[in-house]
Amino acid sequence: MRRLVVRALGPVLGVAPRWRWVLRWLLVGMGVLWLGGGRPGVSPAGTHEAHGGAEQVVAIGTDALYWWQEPSGMQVVFFGVGADVVSFQVLWHSGAMDDPPDRAGLAMVAAEHLVRCTAQMDRLAFEDRLGDLGARVELQVGESATLLRVEVLAEHAEAMLVLLGEMVDAPCEDEAVLAALFTELDGREAFRLDDDQRLARTLLASFAFGAHPYGRDPLARSESRQRIRMADVARYRDAHLHMSNAVLAVSGPVDAALLVRLRETWQQFRVGERPVRAQRALPRARGTRLLLVDKANRSQHQVLVGLLLPPPTAENGPAFELVRVVLGGTFSSRLVRELRSERGWTYMVRAERWRYPESALLLLQTFVAPDRSVQTLGQMLHHLNDLGLHGMREGEFEAAQRYFVENWWLRFERPVDVALEAARFLHYGLSPEALQQVPERVAALEKGEVDAAFRSLVTEGDLSLLVLCSAALFESAFLRMPGLRSLAIVPYDT
Amino acid sequence: MSFAIKVHAVGVVLVGVGLASVLACRDGVLDGEGRVERAAPVPPVTARADGEGGSQAAGEGQALGVVIAGATRLLAEVQGRQALSMWRLDNGLTVVVVERGGLASVAYQTWFRGGSRLDPEGRVGTAHLLEHLMFREVAGLADGGFDRVMEAMGSEAGAVTWLDYTNFGQRVRPERVEELARIEAARMRGPVLREATVASERAVLLRERAYRIDQDPHGVLLERLYASAFGEHPYGRPAAGRREDIGQIAVSDLEAYARQVYHPANALVVIVGPVRAETLLPVLVEAYGVLPKGHEAVGACDDAPLPELPFAGRLVLGVDAEVMVMAYPAPPLGTKASLAMQVLNVALFAEPFGVLTRLLTVERAQVSEVNAWVGEFACRSLWEMLLHMRPGVSAREVRRQIHEVLREVAENGLDEALFLRARKRLVLEAATQGQDAMRLAEGIGQYWVAGRDVREFLRRREQIEALGGEDVREVARRYLGAGQEVLWLGEPAAKEVTP
């Protein structure tokens, strides 16, 4: 089985120096070719009527994605294409970063409580109602955002919208549900302890961001969750889970009349104030720090590297997409070639760029046999430093650029994916036009810009390394690594 | 093995993967991290299908048996927004093209019937290793060249080896399909097998096995579950490969397997997306038509005997709480009974209304994670359940409650409201699958591997909607007897290992 990991490129195709012009041509072409005549969906005219003409539009192939701001402050993204399935996604600009210090996990608990019952329906009735609509509900709580996604067949879209309205505007205050929720989350926490990959990723983010609110674990710990009371949940809901702090993304075969009704109903919902947060400085120049997460009897070690990046709004933000691709973003990337294809040390390398409104994190992750973890970490650092000091090779830069641009629209297979990415851009403080602009900006990048952007980060000296392993057996080997400023050991379950 | 299992669980049924499994995600997850992806499909060839040159080359009512140079059309049908045509090239290659607008990309998948069930005894992992090598020195490209070509198209080439098949696939932009077809046709000749490359990929295979099975409590238990459920039947072997066998697989083993399986008469190319069969067929004929016919196609099923059931075993694992995997026999893929069992699966395990999910994770709070899915095997399938107990909870008690519910369903069927909810949810899953070219191609490929009529896959929604409560009751009665259960329990503490 071959898992797609991340991407990279290669110099073999002999991409011509003038290739950037080709890229631009491709970008233009993609718009026409992508949907091959457009997807079935609501007409722009109908959409226009639905929200009073204040919308902005970006072309997605031959279709159009609309967005606008309601008087409540809620932003709405509408991508009315596709058949059969309608999706409603509510993204609130709040998450674990808003947890009070003595109530870690509150954002998670409050959001979970929202999808358990409403003021009119107890838990069983609510769940049965979701079942009657054939709805699928998913919730994600992150450090800076909370995402609620509901998908239903088109014939149930209106009824689902009514229920969604009840969920967000008329939630329940059920202590029994809260108690049951604590139990569920305890189970989830216990389950995560058996998942080395997920555990390592959570700990790496906390390690990299340190005391900054992005370093908070959304799930938190049982001791903290148990301190949360219904009043805390209500306060959090009032402060964060309201219209003016939300993006609503609607996708699928939704007609204009439904949008009108949505607007009429939702404009009566609680508005609230957009949360104001004190600026917290991101950690800088802490040197290269290693955290060993101690877990006994591992037949594989998780090896991760984290590097803080500028936020998505930064001018040089797109440059780091190419860094990601070259390091571990494709099967041809440096780390995949070296660690997998050439040395056979690992099955998988991940390279990801986690985005937040005020920052981003480049994450490299792999897993290897215990006797290879020190060397593997050494190789990962070698390539990071080499890329920082010497820059990309011309061929790999061009291949990464080409791959990124060609791959861009392939990421968004379903209308719901397009709508979500637009909502994400709004969350990061960008316009949904970034859907078109990101590949254009990447296509326009010069190698020198990318090299300079990454060099400045690497030379600043702030690298977070994490290895999940039997620490006592490997501590001395890691201590011999050159350039390490600090090494700490923590048990995996504390 | 565990990978494929999880992919099937998440990708096909999506039961028990509602709220619980996506919680506790970091913002990175909002970026899509954590998604399980796999690659897929294949390109269509064109030719003037029947001389009419219309846009509905595979239109309903058109004559079957249409012959173009190098290919014969076997099926043609329009279903709603999509037109399906099935072709047989002169060398035996089967091609399915689903013309469908409204998709963002084209899925191109190549399927070989066989999979791990054809691994030679003592060389379990051969199919999987060969699949890996299909990304090294292939299609006239040096090692690493294939990936670079794919990436230049923006594509992510992937593959899956499972019990019945090996599937290679990519998602590409429509204008790349013809180029991809030529590369994939060249790749069908198989990889250049050099000892050094094979040795390197054996090491990767061992790491993959460690990742999917050895380091994953669920992987360990599911491997045991399959071995116990199928015994000497080839389905009892781990598709990922046996640790002790992987190092023994020689170049000659790989060559023998490739001769038996990797040839046009045993292969299917599926292309789904905004394409035209009439345009693609000539390209496919030109690209694939030069390949030699090779051996006869592999049969869809093995007749090896199955072990006596029930079976229960336990072992000690490095887990914090008990983990239990259970399975019952299930109808083969693509049958009405299989769909009925999927409805039952949703009714019992879907979030948030599934009876057992509700009972075990909320009302009694005994289980921290539950997942269940109906396996999609060509011949003998399994209904599999995976449950993570909360610390201190006995799996024995949980098992008793599951038995009670299953007995009730077998005797009295599902409550009407619950049945309707489950059916509706399954329709939603089918509709969602229809939005993604790769998942459409995947379903068609699986039906072809199982020897089913591929058109039936596209009719699944209607078939699900036609199911009645009695269908579910019947499947429960037939398959869920206590005497057919297979169970493995993973225990956290050091206890005597049985069976």
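**Sheet architecture of chain A**

Strand 2 (residues 63–69) of chain A pairs with strand 3 of chain A in the antiparallel sense over four bridges. Two strands count as paired if DSSP finds at least two bridges between them, and strands (E, at least two residues) and helices (H or I, at least four) are DSSP runs numbered from the N terminus. This is a predicted model, in which local features need pLDDT of at least 70, side-chain atom pairs count only at pLDDT 80 or more, and totals for chains, interfaces and linings use all residues. Residues are numbered from 1 along each chain as its sequence is written, chains are lettered from A and ligands numbered from 1 in the order in which they are written, and side-chain values use heavy atoms, with hydrogens and water left out.

**Sheet**
- Seven strands of chain A form an open sheet of mixed pairing, in the order 1-2-3-7-4-6-5.
- Strand 1 (56–60) and strand 5 (136–141) of chain A are the edge strands, each pairing on one side only.

**Strand 3**
- A:Gln69 stands opposite A:Gln75.
- Five residues separate strands 2 and 3 of chain A in their hairpin, where A:Gly73 has a positive phi near 100 degrees.

**Strand 7**
- Strand 7 of chain A pairs with strand 3 of chain A in the parallel sense over five bridges, and A:Ser251 stands opposite A:Phe79.
- Strand 4 (residues 85–92) and strand 7 (residues 246–251) of chain A run antiparallel, joined by six bridges.
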